[in-house]
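User: Could you walk me through this one? I'm new to it and would like to go piece by piece.

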Amino acid sequence: MRSIFCSTLARHALESQVVYRVGLTGGIGSGKSTVSLMLSRLGVPVIDADQVARSVVEPESKALNMIKSHFGEEIVTEGRLDRRRLREIIFADEMERQWVESLLHPFIQAEMLQRADQQDHAYVVLEIPLLFEAGYRSLVDRVLVIDAPKELQIDRVIRRDGVPPSQVESIIKAQISSDERLKQADDVIENSGDFTHLERQVERLHRNYLEMARTQA
């Protein structure tokens, strides 16, 4: 069912596309949000899959009701999804992770496509952590991968989320490897240096994407 739904979305993406789409991805703690913020400050619309994921599990939504039926009432706090609890469950149980992803990805993809189609900028960025793993590649024209050393990824997430290293390791293992992600990338930003170096890489790619979008148009 999910594969049929995703194929339909892919056809919709090709048939109704009005702006050039860049898929931005990378491992947890690689710096995706920082790059997205830089692009946003350059005037580029950024659609964040994580934000969209939150919107599709709002109270009384179809997706949240299905999650609650599957995991029980303890997965909900004051009517809202307990995201920390859900994350603990799915990264400790591969089957549960696959179930949740199969449920949510079609909802997320449909909403992201709708939002992208409403933009009038030369290009739009879709920030998707699981771009390759969840089958989003066909929805974008080009893929930008943000890469960073594993040790730096772990340190960033620990400081940002206050979670133990073992949990970060589990999340990294659940994602495709850095090498595989880089093989499938059209463009790569290496985010292990200083802020100025990162900014220069973003500005260069921004100019490239504007030109690509003009060529496609």
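User: Which residues in α6 are buried?

Analyst: In α6, the buried residues are R97, V100, E101, L103, L104, H105, P106, I108, Q109, M112, L113 and A116, where buried means under 20% relative accessible area with a 1.4 Å probe and protein chains only. Helices (H or I, at least four residues) and strands (E, at least two) are DSSP runs, numbered from the N terminus. This is a predicted model, in which local features need pLDDT of at least 70 and side-chain atom pairs count only at pLDDT 80 or more, while totals for chains, interfaces and linings use all residues. Residues are numbered from 1 along each chain as its sequence is written, and side-chain values use heavy atoms, with hydrogens and water left out.

User: Where does α6 bend?

Analyst: The bend is at L104, by about 30°, and the proline P106 follows within four residues; the bend is the angle between axes fitted to the seven residues ending at a residue and the seven starting there.

User: And how far apart are the end C-alpha atoms of α6?

Analyst: They are 34 Å apart, which agrees with the 34 Å that the 24 residues of α6 (residues 94–117) should span at 1.5 Å a residue, the expected span being 1.5 Å times one less than the number of residues.

User: Which residues touch the most other members of the largest nonpolar core?

Analyst: Those are L104, I108 and M112, in a core of 36 residues; a nonpolar core is a set of buried Ala, Val, Leu, Ile, Met, Phe, Trp, Tyr and Cys residues joined through side-chain atoms within 4.5 Å. The largest share of this core, seven residues, comes from α6.

User: What does I108 touch?

Analyst: Not counting residues up to four places away in sequence, I108 touches A49, V52, A53, V56 and Y136, with contact meaning heavy atoms within 4.5 Å.

User: Back to R97, why does that one count as buried?

Analyst: R97 counts as buried because its relative accessibility is 11%. Leaving aside neighbours within four places in sequence, R97 is in contact with I90, F91 and A174.

User: New topic: which strand is joined to β7, and by how many bridges?

Analyst: Strand β6 (residues 142–147) runs parallel to β7 and is joined to β7 by four bridges, where two strands pair if DSSP finds at least two bridges between them. L144 stands opposite D187 in β7.

User: Which residues make up the covered face of β7?

Analyst: D187 and I189 form the covered face, whereas V188 and E190 form the uncovered one.

Definitions and conventions
Buried < 20%, exposed > 50% of the residue type's maximum accessible area, 1.4 Å probe, protein only.
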